[in-house]
Amino acid sequence: MNSKTPDTSAELNEAGISAAGGSDPAALLESQRRAFLREGPPSAAVRRDRIDRLIAMVLDNTDAYVDALVADFGTRSRTGILFAEIMGMLTAIEYVRSHLTRWMRPRRPDRLARLYGIRAEVQPCPLGVVGIVGPWNFPLNLVILPAATAFAAGNRVMIKMSEITAHTAELTRRLAAQYFDESELAVVTGGPEVGAAFTEMPFDHLFFTGSTRVGRLVQQAASRNLVPVTLELGGKNPVVVAADADLDRAADRIARARMVNGGQVCVCPDYVLVPQERMDPFVDALAGAWRRMFPSILDNDDYTAVVNSANYERIVGLIDDARELGARVEPIAPAAEALPDPGLRKIAPTIVRDVTDEMAIASEEVFGPVLTVLPYRELSEVVDYINRRPAPLVAYWYGPDRADFRTFVAGTRSGGVARNEFAIHMFPDNAPFGGVGESGMGAYHGKAGFDTFSHHRTVVGTDLPVPITSLAAPPFGRWTARLVGLALRTARRRAHRRLRAAPVGGAPAAPPHTLPAAGPTAGGPAESSRI
């Protein structure tokens with residue numbers, strides 16, 4: 001290997017997505033690509049049928065999926081699974097299904113061009129075969145929803161399930177074979193050696209949901225075949241409590257938001273910025289909310305466990321590191337319960353204060369039941385603090401929609417913004433969802449997802465008797481040179497007229513003479529410089 005090329009194999013192996021090879025995924029990809037090329041873009045009816053079978057695969061087997069997810073996590077609410085993993089995606093899929101016929105229609109970008117004998121349209125075309133790499137935190141929802149959207153766009157789909165949630169992965173692989181021919185949908189399971197076949201194979205698009213660290217490695221692997229990627233990542237999502245917020249209501253909602261799926265959600269709040277004079281009341285209200293929510297934890301089936309020992313030890317390590325470096329750590333544990341518990345992989349909801357930048361918890365996404373609480377005096381401090389860090393997937397604001405909220409939105413960068421409620425920016429079915437910077441690239445949900453999995457191909461034709469290319473190809477005559485000169489002079493006058501009419505603060509004034517002195521007078525190409 002070239003010493004200047006990063007060797008991501010070892011790092012991918014540690015992440016569970018190795019760059020080592022495997023033949024079965026490659027054979028599946030070749031089978032799907034042959035079927036796609038042989039049959040061409042599917043009709044709307046075929047696309048809807050594939051979506052319907054995908055939905056049926058899940059709904060016919062909800063009990064089996066609940067059992068598999070409980071087995072994978074150790075402890076996870078059965079009702080929570082039905083709500084978050086299954087019900088949460090159905091409305092989004094139904095929206096895509098009901099609109100795909102409209103989205104498939106060619107778009108005519110310039111109807112006036114018809115007057116000049118030019119016909120133009122933009123056709124949404126399927127890409128071909130889409131690869132989906134699923135995460136472990138919502139191992140069903142976050143592969144089924146992008147798969148349904150890829151079907152809507154007319155693609156074949158291959159899914160690599162996370163090996164961390166092995167029961168769910170194996171169930172999905174087995175069920176997919178019952179509802180689909182493998183040339184339509186193929187589900188791949190296995191460890192690092194199988195993941196290699198995904199990250200380095202020549203898909204027509206690769207869709208990944210997971211951590212920022214692994215997302216970098218996936219993009220590196222995909223780039224070897226110039227495979228375009230959509231990366232749905234995460235980050236440290238900030239929460240700002242406004243000076244005039246209802247403190248008790250904000251604390252209650254933030255407490256609940258942090259504990260969705262045990263805090264193992266990419267849009268969960270990670271740290272809270274609170275007006276300095278309201279810090280103590282907020283912390284008291286937050287702790288009170290958690291005590292009311294969880295009078296018991298160890299024997300509570302609604303309290304989601306950390307998915308595995310490695311993540312459990314990582315979260316406990318972040319808490320211990322902060323404590324050792326001087327942070328105030330307050331676990332909200334029920335009396336007489338010894339937490340954290342490594343056997344059950346349960347960690348009590350934990351408040352961390354007095355956090356400084358040298359603590360790992362200040363920069364690493366926690367992805368667990370821990371909230372850092374920080375004070376601020378002015379809104380400018382909040383904006384500066386957030387902007388010194390990688391852009392989060394979502395930024396939260398608790399308080400009225402007033403000038404300070406609009407200043408916050410305009411002054412910060414994030415994948416989305418949600419005010420007064422957890423993940424509400426994901427509720428509109430046709431609103432794009434995705435990150436920016438280190439929280440991801442690309443978007444899906446609704447029409448944005450259809451566009452992600454489509455190539456918008458421009459098709460233009462003309463029956464004009466006069467060739468348009470005569471203006472661009474030599475020899476250039478005097479008439480062409482004068483036409484180009486006139487067009488440039490007109491464009492220059494227009495640009496400077498706009499600058500004089502609406503000057504922007506800090507911009508230099510437009511020069512008084514916008515046209516240069518006359519140049520050569522001879523005809524031919526030299527005349528085109530006289531503008």
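These legends describe close-up views of one predicted model. Local features are taken at pLDDT of at least 70 and side-chain atom pairs at pLDDT 80 or more, whereas totals for chains, interfaces and linings use all residues. Residues are numbered from 1 along each chain as its sequence is written, and side-chain values use heavy atoms, leaving out hydrogens and water.

**View 1. The six-strand sheet, with helix H9 lying across strands S5, S6 and S14.** This open sheet has the strand order S4-S3-S2-S5-S6-S14 and mixed pairing; two strands pair if DSSP finds at least two bridges between them. Its edges are S4 (185–188) and S14 (440–441), each of which pairs on one side only. Strands (E, at least two residues) and helices (H or I, at least four) are DSSP runs numbered from the N terminus. S3 (156–160) runs parallel to S4 and is joined to S4 by four bridges; Val157 has Leu185 in S4 as its bridge partner. Helix H9 (212–223) runs at about 170 degrees to S5 (205–209). Axes are lines fitted to C-alpha atoms, for helices over the stretch in contact (heavy atoms within 4.5 Å), and angles run from 0 to 180 degrees between N-to-C directions. In the loop between H9 and S6 lies Leu226, a residue other than glycine with a positive phi, near 55 degrees.

**View 2. The salt bridge between Asp204 and Arg33.** The closest N and O atoms of this pair are 3.0 Å apart. Arg33 is in helix H2 (23–39) and Asp204 in the loop between helix H8 (192–199) and S5, so the pair, 171 residues apart, links distant parts of the chain. The whole structure has 28 salt bridges, each a side-chain nitrogen of Lys or Arg within 4 Å of a carboxyl oxygen of Asp or Glu.

**View 3. The seven-strand sheet and helix H10.** The strand order of this open sheet is S9-S10-S11-S8-S7-S12-S13, again with mixed pairing. S9 (328–331) and S13 (416–419) are the edge strands. Direction ignored, neighbouring strands are turned by 20 degrees against each other on average. Helix H10 (247–258) packs on the sheet and touches S7, S8, S11 and S12, its direction making about 165 degrees with that of S8. Three bridges join the parallel strands S7 (237–241) and S12 (394–398), and Val240 stands opposite Trp397 in S12.

**View 4. The largest cavity, with a volume of about 40 Å³.** A cavity is a set of points on a 1 Å grid over the protein atoms alone where a 1.4 Å probe fits but cannot get out, and lining residues have an atom within 4 Å of a point. Grid points are joined across faces, edges and corners, and the volume is the space filled by probe spheres set on them. Strands S8 (269–275) and S11 (370–376) each supply at least two lining residues. The lining includes Lys236, Asp270, Tyr271, Thr372, Leu374 and Arg389.

**View 5. The second largest cavity, with a volume of about 30 Å³.** Among its lining residues are Arg258, Cys266, Cys268, Asp270 and Glu365. The count is two cavities of 30 Å³ or more.

**View 6. Two cis peptide bonds.** One joins Leu339 and Pro340, with omega of about 5 degrees; Pro340 lies in the loop between S9 and S10 (350–353). Another joins Pro474 and Pro475, also with omega of about 5 degrees, and Pro475 is in the loop between S15 (454–462) and helix H16 (478–501).

Terms used:
1 Å grid on protein atoms, 1.4 Å probe; cavity = no way out; pocket = protein on both sides within 12 Å on 5 of 7 lines; lining within 4 Å.
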